[in-house]
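Dear colleague,

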Amino acid sequence: MKINKIRLYNFSSYEGENVFDFNCSDDNKNIVLIGGKNGAGKTSLFTAIKVALYGPLSYGYVGVNPHYISRIKNLINTKAFQQDVVEAEVQITISLRIEREIKKYVIARKWDYTKQKLNEDHSVEKDGIKLAEQELSYFQNYLQSIVPPDLFEFFLFDGEEVGNIFSSSSYNSYVKNAVFTLCGMDVFEIIRKYTSGYVSKRSNEDNQNLYDEYDAAKKEVEKLTVRQQELEAEINEDQVSLDNLEVQLIELETAFKSAGGITDKERKKLEEKYKDAEAKKTEAATKIKMFVEGMMPFIILKDLAPTVMSQLEYEEKGEIYNYIQDKLNKSDIEKLLKSSGINDPRVAEDLLQLFLSKFRISESHNEAVLFDLSKNEMSYVNGMISGINNFDVNGMVEIVNRRLEAADIVAYINKTLKSAMSDEDSVRYAEKENRLLKQKEQITLKLYEVQKKLEDTSHELVFQTQLKERIFQSIKDRAQNKHVYELSEGLSNMMSEFLEQKAMTMRSRLQELIVQNLKHIYRKNNLITHIEITADFQFNLYQDEKYTEDELLYLIKNVGTSEFSELIGNQGEQQLFEMYNAKNIAAIRQRLEQKQSNKEIGLFKKIELNRLSKGERQIFILSLYWAIIMLSGQDIPFIIDTPYARIDADHRKEISEKFFPNISRQVIILSTDEEINEEYYGILKPYISKEYILINDENQNKTSVENHYFFEV
């Protein structure tokens with residue numbers, strides 16, 4: 001399989017149409033290098049490849065569902081939503097070898113967003129002809145058989161994330177699945193599993209001890225039933241004891257409170273409530289004092305305010321009238337009239353009286369001037385009267401009530417604290433409570449353990465009951481399908497033998513290839529010199545180590561035979577068996593205790609995979625991937641994002657020179673200028689077929705594609 005071209009339209013940060021040509025016409029130029037700063041769109045391109053090939057399966061979904069649609073919507077370029085027609089698309093062109101012929105397929109996933117609903121159109125063209133719906137289903141199944149969805153991490157290598165797979169305890173299943181799938185062994189494994197079901201059934205039916213097994217299962221069911229009843233009775237007894245303790249604790253608490261007892265928690269709560277009430281009382285008292293010393297006298301004389309205001313208004317108008325009468329005289333008016341051609345003195349007198357009448361105080365008001373206030377004094381008095389008129393009487397009453405309420409709370413708390421029981425009595429109650437609580441804790445723990453036993457017993461009872469029923473059904477059906485079982489047994493045995501031999505050969509070859517690849521790219525020659533892969537594809541890593549006979553003896557004594565065997569590995573163990581003519585570690589220990597010398601022996605020391613540094617682990621994983629591809633002989637593109645994520649500078653050159661040019665016929669590298677820098681770019685340049693640089697416009701969040709890398713060589 002090869003990737004020829006990728007087309008992105010309004011996908012993630014790729015606004016509009018963006019095309020990547022991955023054709024490698026020269027077999028010696030197998031690398032497509034794509035550069036970009038962080039956030040430029042490398043991971044988006046990585047995602048686009050997965051989505052184009054597998055759609056919902058790229059996120060673990062069986063089909064298109066709301067979760068998948070939500071993820072895709074988040075991947076559509078934001079500018080697309082500013083258009084009248086909202087569309088996005090990823091399209092990938094690949095070449096597949098089918099029956100010795102190279103066929104070209106164009107896989108497209110197109111999305112349109114109409115009426116706030118996202119729709120996906122998935123299509124595939126084979127040599128320019130669109131596949132029908134049934135053909136499309138066949139093709140998708142075939143593509144998944146080449147590189148299944150659960151091998152995404154193998155096909156699309158993320159240097160930042162891949163190490164997490166090998167940090168889990170299930171990494172062996174992942175590796176075994178990859179090896180069996182890529183080496184075409186998965187079909188034989190399926191046949192073996194299918195036929196082994198018949199073999200198992202056949203062997204049970206033909207076993208002369210089938211009736212004994214049924215009888216044993218029946219007795220086990222009876223025994224488990226009795227055990228279940230005993231545990232239920234024990235649980236009921238413990239529950240009664242717990243209920244009695246609860247009653248005693250409640251009675252103790254009631255007696256404690258009746259005797260005036262206060263717990264630490266209650267005391268702290270009362271003290272906090274006392275503090276709060278005291279603060280409220282002080283605040284209210286301060287406000288009341290300010291009112292009494294300031295506003296209260298004026299509130300008492302509030303009814304005099306209208307009289308005072310009337311007198312002040314009278315004095316103000318009188319002052320204005322006197323001022324105008326003093327300043328305005330008849331002669332000035334006569335002069336003004338004469339300048340206008342009017343010489344009648346009576347007109348001047350009439351005008352003067354008219355002006356004065358506008359400000360003259362009513363003759364009925366004969367009050368004398370009492371206050372004679374200045375303007376500032378007048379403003380103060382007006383403000384005071386306004387304050388009296390607007391005074392919130394209810395608010396002040398509420399403040400007084402608040403103070404009285406706070407004072408009652410303070411008095412109550414003082415009384416409560418003073419009447420509390422003595423510290424000596426309180427300690428005595430606390431000791432009794434602690435004893436009861438300790439008994440409760442012990443019974444609760446015991447109850448939990450018994451309930452766990454009951455749960456396990458119940459599960460085992462269900463299992464044994466089902467087993468008994470299955471055996472009984474087998475007895476009934478033992479005469480059926482005899483010929484099918486016999487055929488299946490033969491086929492299953494043949495498949496098991498074939499798979500066992502083939503898997504052993506593959507594991508042996510894989511061990512050699514990994515070590516060989518490590519020697520190519522790893523500078524520490526003695527870090528991993530030997531690998532043992534178990535039948536379930538667990539990896540045991542070893543390095544060369546020399547031991548004296550004394551050291552071997554101490555190791556066996558200190559760590560035990562089992563851990564010693566694991567420490568030196570199967571090969572080291574066999575080496576010692578031959579050297580000391582022994583059949584087990586106990587015999588070797590006996591030989592070492594009788595030895596006359598202390599010679600040095602070259603063996604191995606186990607290295608834990610999870611204890612490797614992240615960089616060492618990634619180098620090991622790269623070597624493993626390379627070995628699997630070499631072992632399978634498959635022509636699969638290798639796509640790697642952040643290639644040097646955990647690799648130190650010492651090993652980047654080795655990987656650039658030896659790994660990337662050789663791991664696959666098509667290697668697509670997504671890198672920053674700090675990873676594939678000018679030095680490593682110069683190393684890779686002879687192997688580069690195509691190179692691109694992704695440039696991100698941060699203001700517009702837009703990625704543009706140019707046909708060159710960061711550097712020129």
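This is a predicted model: local features need pLDDT of at least 70, side-chain atom pairs count only at pLDDT 80 or more; totals for chains, interfaces and linings use all residues.

On strand 15 (residues 702-706), strand 14 has an antiparallel partner, joined to it by five bridges, among them the one between Asp697 and Lys702. Strands 14 and 15 form a hairpin with four residues between them, and in its turn Asn701 has a positive phi of about 55 degrees.

The structure holds 22 aromatic pairs. In one of them, the ring centres of Phe81 and Tyr113 lie 5.3 Å apart with the planes at 80 degrees, so the pair is edge-to-face; it links parts of the chain 32 residues apart. Phe81 counts as partly exposed because its relative accessibility is 33%, whereas Tyr113, at 18%, is buried. The rings of Phe291 and Phe391, by contrast, have their centres 5.0 Å apart and their planes at 15 degrees, so this pair is stacked, and it links helix 9 (residues 264-293) to the loop between helix 14 (375-390) and helix 15 (393-419). One aromatic cluster is formed by Tyr625, Trp626, Phe638, Tyr644, Phe659, Phe660 and Tyr680.

On the surface, Val292, Met296, Ile300, Leu301 and Leu304 form a nonpolar patch with about 450 Å² of accessible area together. Leu304, found in the loop between helix 10 (296-300) and helix 11 (305-327), counts as partly exposed at 48% relative accessibility.

With kind regards

Definitions and conventions: Residues are numbered from 1 along each chain as its sequence is written. Side-chain values use heavy atoms; hydrogens and water are left out. Patches are made of residues with over 30% relative accessible area and no salt bridge: like charges are joined within 9 Å, nonpolar side chains (Val, Leu, Ile, Met, Phe, Trp, Tyr) within 5 Å. Accessible areas come from the Shrake-Rupley method with a 1.4 Å probe; for residues, only the protein chains shown count as cover. A salt bridge is a side-chain nitrogen of Lys or Arg within 4 Å of a carboxyl oxygen of Asp or Glu. Helices (H or I, at least four residues) and strands (E, at least two) are DSSP runs, numbered from the N terminus. Buried means under 20% relative accessible area, exposed over 50%, partly exposed in between (1.4 Å probe, protein chains only). Two strands pair if DSSP finds at least two bridges between them. Rings of Phe, Tyr and Trp (its six-membered ring) pair if their centres lie within 6.5 Å; planes under 30 degrees apart count as stacked, over 60 as edge-to-face and the rest as tilted.
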